[in-house]
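Work through the exercises below with the model open in a viewer. Each task is followed by a solution in steps.

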Amino acid sequence: MAALAFGLSIGLASCSGGTSGLPGFDSGATTPTGQTQAPTGQTIGTGKVKVGLVLPLSAAGQGATVGNSLKNAAEMALAEFPGADLTLLVKDDRGSPEGAQAATQEALREGAELIIGPLFAPSVQAAAQAARGANRPVMAFSSDTNVASRGVYLLSFPPENDVNRVIAYASAQGRKSFAALVPDTAYGKVVEAAFQQAVADRGGRVVVIERFGADQNSMRASAQRIIPALQQADALFVPAAADSMPALGLALQQAGYDPAKVKPLGTGVWNDAGVARVPAIQGGWFASPDTAGFNAFAGRYQQRFNSAPTRTATLAYDAVSLAAALVRTQGSQRFSESVLTNSQGFAGADGVFRFRPDGRVERGLAVLELRNGQIVTVNAAPRDLGPPTQ
């Protein structure tokens, strides 16, 4: 049976920017001191089924930018779904756990059967506590898998998905001995653990793991330390983000790294035009959603709102489209655990995905290659996810 597709003109895949480690993975924004006003009460749509939309609409820093882009995408999804029987109860969590709990409680009092959002991990935990008390599910946008649980489903871009996909592909291409050079950050700790697990699951060997700091001296030292061990490796995992990959790449080059001998591997943070031009990782592979779906979504968003969406905006589009599709097709069971964790999954703007019973998301990702400064697909994203992983 094919995945349940939703949305109108969105196809099966997407990505024009890096995904892993985007807002939602870290601890999130903070609320300005003294801000204690109650959540706001905007509604979108006029359907019988009510769904809460909890977002950091007035959070400090980038949180509000992302939150409002998510809200716009949710509005667009509802407008593009014909006859959607939904009303979205829009609530501002102000980027704080306290705000998220209050916003969720208000949406539940107003009859929400499902909570979509929040974005930041601590806010997800607070919203989940309120929703669990009312026996209502949450579909949140954090990439931090630590906040996933039964009934709290993360529709996001978790870095573990990227790592599993690229290590599986490299293993299938005969790479068996892996080294890693990872950032000394919260993101680095997550991808390092996922890397070790993915290599072990495929019978590979981890030769060495080095960590690097944000400054160039640390990068040079780490690169020099790892080079001798690469004689025993046939792949080097380097999940460095766009702001650090050029400097790290130069450090690797100067230390004597040859990507033609030891295959570079990365994650979705490599999906960046600047990273694609780094000489030290040419020929490298990384996993990420394909480009077509996001590009199509972004074009329609630009036309509707006269601005470009943030990369995570597709998450709200897919969440609302899925909710509308389930209302239409699943009757009173629409947001039940058995429906939301259907192993066949769903197809959205960023390709196929499914929720595991533990709340984590599995995505169908493509493997892309950095080739002469360009990003090209070498292994397409799957159209179905196969049997669930354990």
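**Exercise 1.** Does A64 count as buried or exposed, and at what relative accessibility? Describe also where A64 sits and what A64 touches.

Solution. The model is a predicted one.
- Step 1: A64 is found in helix α1.
- Step 2: the cut-off for a buried residue is under 20% relative accessible area. A64 has 16% relative accessibility and therefore counts as buried.
- Step 3: leaving aside residues up to four places away in sequence, A64 touches P56, L57, S58 and A59.
- Step 4: R94 is 30 residues from A64 along the chain, and the C-alpha atoms of the two are separated by 7.9 Å.

**Exercise 2.** Give the strand order of the open sheet of six strands, and find what packs on that sheet.

Solution. 
- Step 1: the order is β2-β4-β3-β5-β6-β7, and the pairing is mixed.
- Step 2: the edges are β2 (43–44) and β7 (152–154); each has a single partner strand, so one side of each lacks a neighbour in the sheet.
- Step 3: take β3 (residues 49–55) and β5 (residues 114–116), which pair in the parallel sense over three bridges. Here V51 has L114 of β5 as its bridge partner.
- Step 4: helix α10 (residues 313–330) packs on the sheet and touches β3, β4, β5 and β6 (138–140). The direction of α10 makes about 145° with that of β4.
- Step 5: helix α1 (residues 62–80) lies across β2, β3 and β4 (86–92) and runs at about 160° to β3.

**Exercise 3.** Characterise the crossing of α4 and α5 by axis separation, angle, hand and residue composition.

Solution. 
- Step 1: the axes of α4 (residues 159–172) and α5 (residues 186–201) come within 9 Å and cross at roughly 35°.
- Step 2: the crossing is right-handed.
- Step 3: α4 contributes P159, E160, V163, N164 and I167 to the contact, and α5 contributes Y187, V190, V191, A194, F195, A198 and V199.
- Step 4: these residues divide into ten nonpolar, one polar and one charged.

**Exercise 4.** Which residues of helix α6 are buried, and why do they line one face?

Solution. 
- Step 1: in α6 (residues 216–226) the buried residues are M219, S222, A223 and I226.
- Step 2: viewed down the axis of α6, these residues fall within an arc of 100°, so they line one face of the helix.
- Step 3: the buried residues pack against β8 (177–183), β9 (205–212), β10 (235–237) and α7 (245–255).
- Step 4: N217 and Q224, on the other side of α6, are exposed.

**Exercise 5.** Where is the cis peptide bond, and which residues other than glycine have a positive phi?

Solution. 
- Step 1: most residues other than glycine have a negative phi, and most peptide bonds are trans.
- Step 2: the cis bond joins G117 and P118, with omega about -5°. P118 lies in the loop between β5 and α3 (121–133).
- Step 3: N306 has a positive phi, near 60°, and is found in the loop between α9 (292–305) and α10. With 66% relative accessibility, N306 counts as exposed.
- Step 4: N372 has a positive phi of about 55° and lies in the loop between β16 and β17. With 73% relative accessibility, N372 counts as exposed.

Conventions:
Residues numbered from 1 in each chain as written. Predicted model: local features only at pLDDT ≥ 70, side-chain atom pairs only at ≥ 80, totals over all residues. Heavy atoms only, no water. Pairing = 2+ DSSP bridges. Helix = DSSP H or I, 4+ residues; strand = E, 2+ residues; numbered from the N terminus. Contact = heavy atoms within 4.5 Å. Axes fitted to C-alpha atoms, helices over the stretch in contact; angles between N-to-C directions. Left-handed = near helix turned anticlockwise from the far one by under 90°. Nonpolar A, V, L, I, M, F, W, Y, C, P; charged D, E, K, R; others polar. Buried < 20%, exposed > 50% of the residue type's maximum accessible area, 1.4 Å probe, protein only. Arc of directions from axis to C-beta.
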